[in-house]
Amino acid sequence: MTLFDADAAIAAVRSGTIDASFRAVTPLAGRLPDGVEAARVLDEPVQLLTGPAHELAAAFGLTVDPIGPYFGTEPLLDVIADSSALATFVGEQTRLVWPADYGLRRVAVHDPTPVYPHSLIWRGDNPHPALTTLRDHLGSTGPGHGGAETWAPKWAQRPTDRDNSAATGHEPRRLGDAT
């Protein structure tokens with residue numbers, strides 16, 4: 001089941017319609033309903049996806065457009081392939097398929113590497129044995145990619161991110177901050 005809306009996913013977990021959901025837990029979602037729990041389980045590096053005519057082949061003059069509307073992945077890829085000015089972020093592990101003539105490029109971003117913080121959300125009293133196994137597995141691997149060499153949105157920074165910044169003397173950066 002695909003639930004794009006965080007509130008709908010949390011409601012589905014709470015009601016028992018689904019056993020768990022992966023998503024970013026924002027400060028508002030951080031106030032989960034009673035009985036619903038969350039743990040940050042994966043910090044996925046994100047990459048920049050550009051078209052063949054984008055200036056990023058040579059320079060870093062970016063404009064981030066946070067405004068929608070969102071019509072899905074295929075129309076987004078169409079627009080990016082035809083643009084010399086637009087780009088988007090995609091997860092390093094996100095598999096996208098596009099026509100060869102689009103010439104899209106994935107550009108790894110480093111120093112710092114931006115990460116998308118995935119959390120697992122579940123109902124605390126859910127007895128499903130596979131959920132316990134999944135939580136144990138994810139807990140043993142940890143979110144990864146944390147630390148001073150990564151960037152996470154300010155709302156997603158964990159105490160260890162702040163601890164690392166104190167140890168290195170570098171505050172975790174937000175996109176748009178001066179380097």
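Author: pLDDT is the predictor's confidence in each residue, from 0 to 100, and a contact means heavy atoms within 4.5 Å. This is a predicted model, in which local features need pLDDT of at least 70 and side-chain atom pairs count only at pLDDT 80 or more, while totals for chains, interfaces and linings use all residues. Residues are numbered from 1 along each chain as its sequence is written, and side-chain values use heavy atoms, with hydrogens and water left out.

Reader: Where does pLDDT stay under 50?

Author: That applies to residues 160-179, for which the model has 24 contacts beyond four places in sequence. Where pLDDT is low, the predicted coordinates should not be read in detail.

Reader: And what is the mean pLDDT of the protein chain?

Author: The mean is 77, and 72% of the residues reach 70 or more.

Reader: Turning to charges, how many salt bridges does a search of the whole structure find?

Author: The search finds two, a salt bridge being a side-chain nitrogen of Lys or Arg within 4 Å of a carboxyl oxygen of Asp or Glu. Arg40 pairs with Asp43, their closest N and O atoms lying 2.8 Å apart. Asp125 pairs with Arg123, with 2.6 Å between the closest N and O atoms.

Reader: Is Asp43 buried or exposed?

Author: Asp43 is buried, at 1% relative accessibility; buried means under 20% relative accessible area, exposed over 50%, and partly exposed in between (1.4 Å probe, protein chains only).

Reader: What about Asp125?

Author: Asp125 is exposed at 54%, and Arg123 is partly exposed at 22%.
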